[in-house]
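Please look through the sequence and the model below before reading on.

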Amino acid sequence: MRHLIDIFDLSPAEIDEMIAVACDIMDKPQEYAHKCEGKKLATLFFEPSTRTRLSFEAAMYELGGHVIGFSDAGNSSSSKGESVSDTVKVVSCYADIIAMRHFKEGAPMVAAMKSDVPIINAGDGGHNHPTQTLTDLLTIHREKGRLDNLTIGLCGDLKFGRTVHSLIDAMSRYSGIKFVLISPEELRLPSYMRDMMAEKDLDYVETRDLEAAMPELDVLYMTRVQRERFFSEEEYLRLKNSYILTPDKLTNAKQTLSILHPLPRVNEIATSIDSDPRACYFSQALNGKFIRMALILKLLEEAKK
Ligand code: CP
């Protein structure tokens, strides 16, 4: 059974193929409108979500399929003490494919070991978020026309930001990528990620200074400082305004810069930037639906084999 737990579960060739399918769906949605007739997606969300859950659900509806699931684990039997393994074993009797978000790192992997249907990791704690990464790759590809030879700034909460970790993993497989890691000391990329980057001899620099880094960036990936991951409210309050992207900070940016953000945002991008042609974060959210359609199609096709 093929699952998507980690972005490395997909080869670069498969990602290219999925990007091509997502673009084809955008052009010819009617050709895909019945592809999943008779199929059910279960969305098991143990943590809040707007984009990931709703784009998965919209994706399945637009493929002609159905959706079951929960968005509040308090209404599921996990609130009575049921394990993730048991929940998934049971839900795989009712659904053909499962998208799961969980606050515990590794929970979707545990689910995959028990499931009789494909499991998609829709975000596990501060660990990984591979379908956000597919969304980001599709967005970068559409904006830049390529996934190689880019300087990518990742800014904000690089410690807990699972979207950052998955995106670095994904981009580590393309040539000519330079990473500029922009964060306060307290929210640096975890050492296991920095060790991986050193082992792979990836080109990266760390800085606290967003404005100094700005001129060389092709892509700026902003992130939210995630209140829910902090052990101390005081520490969160001290760090939450570390970076606020305002129009003046773009003075020295390239005209071709693409500004991405996985969303939700709090205040790290001023709303006055939304109308700047370089702001891509709302089209990025739309792209999420199309790449998830491509992913559902791929995993259901593989499940037939
Ligand atoms: N980007 C993202 O995962 O958003 P949600 O938490 O709203 O799903």
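Predicted model: local features only at pLDDT ≥ 70, side-chain atom pairs only at ≥ 80, totals over all residues.

Which domains does the domain assignment of the protein give? The assignment lists domain 1 (7-129 + 287-304) and domain 2 (130-284).

**Domains**

- Domain 1 is written as two stretches, 7-129 and 287-304, while domain 2 is the stretch 130-284.
- Between the C-alpha centres of domain 1 and domain 2 there are 25 Å.
- In the contact between them, domain 1 takes part with 32 residues and domain 2 with 30 residues.

**Where the ligand sits**

- The largest pocket holds the ligand.
- Each of the domains, domain 1 (7-129 + 287-304) and domain 2 (130-284), supplies at least three residues to the shell around the ligand.
- The residues of this shell are Ser49, Thr50, Arg51, Thr52, Arg101, His129, Gln132, Pro262 and Leu263.
- Sorted by class, five residues of the shell are polar, two are charged and two are nonpolar.

**Polar contacts and burial**

- The side chain of His129 has an N or O atom 2.9 Å from an oxygen atom of the ligand.
- At Pro262 the backbone is involved: one of its N or O atoms is 2.9 Å from a nitrogen atom of the ligand.
- Leu263 also uses its backbone, with a polar atom 2.9 Å from a nitrogen atom of the ligand.
- The ligand taken alone exposes 250 Å², and the protein buries 92% of that area.

Definitions and conventions
Residues numbered from 1 in each chain as written. Heavy atoms only, no water. Near = heavy atom within 4 Å. Polar contact = N/O pair within 3.5 Å; in protein donor to acceptor, adjacent residues only side chain to side chain. Areas by Shrake-Rupley, 256 points an atom, 1.4 Å probe, with all protein chains shown as cover. 1 Å grid on protein atoms, 1.4 Å probe; cavity = no way out; pocket = protein on both sides within 12 Å on 5 of 7 lines; lining within 4 Å. Sits in = over half its atoms within 2 Å of the grid points. Nonpolar A, V, L, I, M, F, W, Y, C, P; charged D, E, K, R; others polar. Domains from an automatic or database assignment. Contact = heavy atoms within 4.5 Å.
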